[in-house]
Amino acid sequence: MKKFIKGISLLVMVIIVAGIFAGCSQSTSKGEESGQESSDTRNYPTKPITVVVPAGAGGDTDANARLLGKYLEKELGQQVVISNVTGAGGTVGANEVLDADPDGYTALFFHNSLLLNRIMGLTQDSYDSFKLAGISLLDQGNTFMVSADSKFKDLKEMVEFARDNPAEVSIATEVGGFTHLQLLALQKDQGIELNIVDVGGAAEKVTALLGGHVDIVPTSLGLVKSYVESGDMRSLGIMASDRVDLMPDIPTFVEQGVNSEFEKFFFFGFNPDTPDEIVEAFSKAVENVVNDEAYVKEAEKFLVTPTFINPDEAFDYMKQTEEKYIEINKE
């Protein structure tokens with residue numbers, strides 16, 4: 001009997017000791033795992049970063065993303081890969097980022113259209129669905145372009161003609177996109193009716209104008225700068241509140257009696273579960289690029305203004321912009 005009790009006691013001691021070692025092993029393993037995660041966060045990035053651009057190649061979004069990417073590579077020490085993901089007004093690309101691992105290696109680069117997609121009912125997601133890394137630049141050169149031989153010499157002439165000839169002035173857009181909202185606002189402000197033609201993205205709109213398929217194309221002046229210089233296109237004005245130093249000879253819509261002001265912003269965003277430290281590191285890199293004189297000089301060739309707005313201020317700015325768009329859409 002004594003031998004039996006002694007054997008049981010020995011077995012219990014073995015189980016207890018084994019449990020202690022197992023607990024220590026698990027604690028060590030968790031500690032190592034946590035330490036590894038912490039280390040990965042501190043050392044971010046350690047591999048290439050994919051920047052999803054929800055627009056096709058050849059447009060202003062793509063051009064700005066690639067230029068920023070070139071300078072971000074120097075700041076981050078890793079390759080920045082631009083991935084053009086088109087479809088559904090940008091929602092396909094936006095969803096790709098939301099569905100990606102929240103590890104900071106898949107970022108969104110987009111603009112105002114993200115806000116419009118929710119307003120137009122294309123998606124439930126918008127700027128507040130992402131963890132913002134800030135706004136990197138502003139485009140105050142949103143314009144209406146006509147061909148060199150257009151009968152419209154300025155915006156006022158076009159508006160007067162459209163008022164006398166409803167739905168005869170054809171103007172290209174991407175329905176539900178940023179330029180579409182500009183057209184709705186113009187029609188409301190001037191009491192006119194335009195023939196709005198859905199031709200697709202930025203590159204398709206330019207093609208439509210050059211091919212004589214439409215009378216006017218709303219676009220970014222920087223995107224068609226070469227056509228202006230060659231004499232193939234003319235601008236009817238820009239939708240900035242005041243004249244812009246980068247384009248001092250171009251009158252504003254406001255100067256011509258049209259109450260239409262639209263500023264395009266470009267921002268970076270991540271999956272909302274991405275660690276704050278990673279987003280902060282990326283955001284700081286963007287800020288450094290925006291303050292790089294070499295980058296600014298190159299960006300200004302596109303007639304855009306590099307402007308860093310930090311994540312918190314960007315959130316408030318985009319919220320106010322969304323409220324403005326909601327009112328325009330209601331009207």
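Start by selecting helix H2 (residues 60-76) and helix H9 (residues 276-290): the two pack at an angle of about 115°, with their axes 9 Å apart. An axis here is a line fitted to C-alpha atoms, for helices over the stretch in contact, and angles run from 0 to 180 degrees between N-to-C directions. Helices (H or I, at least four residues) and strands (E, at least two) are DSSP runs, numbered from the N terminus.

Before you go on: this is a predicted model, where local features need pLDDT of at least 70, side-chain atom pairs count only at pLDDT 80 or more, and totals for chains, interfaces and linings use all residues. Residues are numbered from 1 along each chain as its sequence is written, and side-chain values use heavy atoms, with hydrogens and water left out.

**Stop 1: where H2 meets H9**

Show the side chains of Leu68, Tyr71, Leu72, Glu75 and Leu76 in H2; they meet Ala281, Phe282, Ala285, Val286, Asn288 and Val289 in H9. Contact means heavy atoms within 4.5 Å. What kinds of residues make up this contact of H2 with H9? They divide into 9 nonpolar, 1 polar and 1 charged. (Ala, Val, Leu, Ile, Met, Phe, Trp, Tyr, Cys and Pro count as nonpolar, Asp, Glu, Lys and Arg as charged, and the others, Gly among them, as polar.)

**Stop 2**

Click Val51 and you'll find its bridge partner, Ile82, in S2.

Then bring in strand S3 (residues 106-110), which pairs with S1 in the parallel sense over 3 bridges. Here Val52 has Leu108 as its bridge partner. Two strands count as paired if DSSP finds at least two bridges between them.

**Stop 3: an open sheet**

Next, pick out the 3 strands of an open sheet, in the order S8-S5-S9, with antiparallel pairing. Why is one side of S8 and of S9 left without a neighbour in the sheet? Strand S8 (217-220) and strand S9 (233-238) stand at the edges, so each has a single partner strand. From one strand to the next, the twist averages 40°.

Zoom in on strand S5 (residues 142-147), which pairs with S9 over 4 bridges in the antiparallel sense. Look for Met145, standing opposite Ser235 in S9. Finally, show helix H6 (residues 178-190): H6 packs on the sheet, touches S5 and S8, and has a direction about 85° from that of S5.
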